[in-house]
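Let's take a tour of a protein model, from its overall make-up down to single side chains. Keep the 3D view open and click along as you read.

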Amino acid sequence: MLSILVLFAGCCLLWTISYDSFIDFVLVRTQRENYRDLVVTSVFPENRFNILRAGMTLLILVLFFLVIRFRRNLDHQINTLRSTTRHGLLQLLYFFRSGSADRAGLLLILVFTGIRTVWYIAGTDLIYDECWTYLNFTRHGPLISVLTYPSSNNHILLSLLSSILDMMGFTAPWALRLPVLCFGMGCTILFHYLVRQRVNGSVALLITALFAVSTPVSLYMELGRGYILMCFFYLILLCYHIRGKNPDILWIICACLGFYSIPVFIYPFVLVVGAYLYKYHRVKDHILHMIRACTAVIFITGIMYAPAWLTGSLFSEWERNAHFFAISGQWFDHYTDVYDFIGGFSGGWILVLIVYSITFIRMIRRQEKADWISLSLVALLIPVIISLLQQSALPSRVYTFLAIHWTILVGFWICKLPIGTNWNNRLTLTSISLLMVGLSLWYHYQPLRQNITRDTEDLHRISERLVQEGRNDLYLDYEPIKPILEYQASIRNHSVQIHMAQENSIDYQEFDPAEGYDAVIVSPDSPLIPSLNSSALYQPDTLDQVLVYRSVSR
């Protein structure tokens, strides 16, 4: 009822203020006053303000009806949420206060993972996507994260959390990366709980250690992106499925937050819902229960994304992504890239294929009924299914959640090793330590991570040098450096004016060497290079990724 009263107060406020006052308030709060004309004409014209008013009124009426109609069931669900949360926290507290070998092993994994990730966070520059998120959402507060979805880089839940930490005084790297570190540690605990339902303690700890230092999980526990948040909420849904529990209000909340982390949560969500419906396809009550839960998830998620829909940025971004990721016939290259990422190294797709094949053959020949293995076999086919159905080649990072199922398949074969009650605590802890140290070194020198850090360090070094030289008027024909350059200027309270060669950019300006820019940054294959080389106004500086032409008059 309190939520309805808050919404009612907000609705009354919307009906009492004018459109111009609302726009001015939002722009001032988000520090976007310079974009007023763009907002009024295309982002949020007056007709959408009227839709917002009507939508808020309708939402309040619907919620009021649902509360009155299902009051008893709602009270039951709230009590269930409280008891489930309390029971989970007490179980976790009891586990860590016990003297079991499981506790010592899991603490070792968490401490090692935490120290390693903090070291990476402190020593790694922000990548392109992180800089973009910080500049467009984090530093502008929570409101702008909710209102706009101009790019799939806006992982809304992470943007909200990072903006709160930014308001609390955290620096950009920690504001963006501390939430993913915390969710990553939560993923490790949930994964251990999941596999502990099926295997003994020593094996569960080894599989958990393998998961914690796997390449996808390690990378997105380090970088401020929302993929590890998606894994966290997916693991909660998996725990429900493995334990045979029906969806309840906690399940619905986690599913909604998964979608609010990244819209591509649709893939793991459909997977776990499909597995549930297959398992209980002959039980009508269970099917109806899942249909009601999914309906609630769709309704609530729709409300959560409504502000982005009203600003017109949500569907335009989906349309752009559909065009951008359209597959161009190179199916094999796409699949090898995805399964290399899941496997953790270049050529990892071969290992994935071998393990998958022998596991599938064993399951068929021996007719084993291991639900968690069967689900993992289906899950690892998702990249193939999606590319065929959508005719699109999604980035490998979208499939970060498949690290869960890949580790489970590897763990299936670890179970066949002579690891059991004959392993004492010391041997288990020693094995975990060696495994995590070895795979961490492997991860550190992986080309995937090395390429990201090397390229990012070069762009930060170039940007930092230009800002320190006091160059304010810049022309770019190399888009990847733009957010990094703006970030370096932002943290040094330095103002820069950036003009872009890309016609679809809001900062587009046709290039004219006579303009006398302080510096021009171009890619090695830029068509601007001949005119820059023939101009006496600029001094070239060749670097690995870009060419920097500095004004000789500065």
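One term comes first: a residue counts as buried when its relative accessible area is under 20%, as exposed when that value is over 50%, and as partly exposed in between. Arg-471, with a relative accessible area of 7%, is therefore buried. Keep in mind that this is a predicted model.

**The big picture**

- The protein is built with 26 helices and 5 strands.
- There are 554 residues in the protein, and buried ones make up 50% of them.
- Its accessible surface comes to about 27,100 Å², and carbon and sulfur atoms account for 62% of that.
- Take the contacts between residues at least 6 apart in sequence: 73% of them join residues at least 24 apart.

**The nonpolar cores**

- In soluble globular proteins, nonpolar side chains tend to be buried together.
- Here, the largest nonpolar core holds 110 residues. The ones with the most contacts inside that core are Leu-235, Trp-251, Phe-269, Ile-373, Phe-401 and Ile-404.
- Helix α13 (residues 227–243) supplies the largest share of this core, 15 residues.
- Apart from this core lies another one, of 24 residues, including Ala-172, Ile-481, Val-546 and Val-548.
- Which residues does Trp-251 touch, once its neighbours within four places in sequence are left aside? Trp-251 is in contact with Leu-237, Tyr-240, Phe-269, Val-273, Met-290, Ala-293 and Val-297.

**Out towards the surface**

- Ile-253 sits in helix α14 (residues 249–261). With a relative accessible area of 33%, Ile-253 is partly exposed, because that value falls between the 20% and 50% cut-offs.
- Ile-253 and Ala-296 are 43 residues apart in sequence, and their C-alpha atoms are 9.4 Å apart in space.
- Ile-164, Met-168 and Phe-170 make up a nonpolar patch on the surface, and together they have about 290 Å² of accessible area.
- Where in the chain would you look for Met-168? Met-168 is in the loop between α9 (156–167) and α10 (172–196).
- Is Met-168 buried or exposed? Met-168 has a relative accessible area of 58%, which is over 50%, so this residue counts as exposed.

**Rings that pair up**

- The model has 21 aromatic pairs.
- One of them joins Tyr-134 and Tyr-487, whose rings are 5.7 Å apart centre to centre with 90° between the planes, an edge-to-face arrangement.
- That pair links distant parts of the chain: Tyr-134 belongs to helix α7 (residues 128–136) and Tyr-487 to helix α25 (residues 482–491), 353 residues apart.
- Both partners are buried: Tyr-134 has a relative accessibility of 10%, and Tyr-487 has 7%.
- Why is the pair of Phe-183 and Phe-232 called edge-to-face? Their ring centres are 5.1 Å apart and their planes meet at 85°, so the pair passes the cut-off of over 60 degrees.
- Phe-183 is in helix α10 and Phe-232 in helix α13, so this pair ties together parts 49 residues apart in sequence.
- Phe-183 counts as buried at 17% relative accessibility, and Phe-232 is buried too, at 18%.
- Rings can also join up in groups: ring pairs link Trp-251, Phe-259, Phe-265 and Phe-269 into a cluster.

**Salt bridges**

- Across the whole structure there are 9 salt bridges.
- Arg-177 forms one with Glu-130, and the closest N and O atoms are 2.8 Å apart. Arg-177 is in helix α10 and Glu-130 in helix α7, so the pair ties together parts 47 residues apart in sequence.
- Both Arg-177 and Glu-130 are buried.
- Now back to Arg-471: its side chain meets that of Glu-469 in a salt bridge of 2.6 Å, N to O.
- Glu-469 also forms a salt bridge with Arg-465, where the closest N and O atoms are 3.3 Å apart.
- While Arg-471 is buried, at 7%, Glu-469 is partly exposed, with a relative accessible area of 31%. Arg-465 is partly exposed as well, at 44%.
- Arg-465, Glu-469, Arg-471 and Arg-550 are linked in a network of salt bridges.

Methods:
Residues numbered from 1 in each chain as written. Predicted model: local features only at pLDDT ≥ 70, side-chain atom pairs only at ≥ 80, totals over all residues. Heavy atoms only, no water. Core = buried A, V, L, I, M, F, W, Y, C linked by side-chain atoms within 4.5 Å. Buried < 20%, exposed > 50% of the residue type's maximum accessible area, 1.4 Å probe, protein only. Helix = DSSP H or I, 4+ residues; strand = E, 2+ residues; numbered from the N terminus. Contact = heavy atoms within 4.5 Å. Patch = residues over 30% accessible without salt bridge, like charges linked within 9 Å, V, L, I, M, F, W, Y side chains within 5 Å. Areas by Shrake-Rupley, 256 points an atom, 1.4 Å probe, with all protein chains shown as cover. Salt bridge = Lys/Arg side-chain N within 4 Å of Asp/Glu carboxyl O. Phe/Tyr/Trp six-rings, centres within 6.5 Å; stacked < 30°, edge-to-face > 60°.
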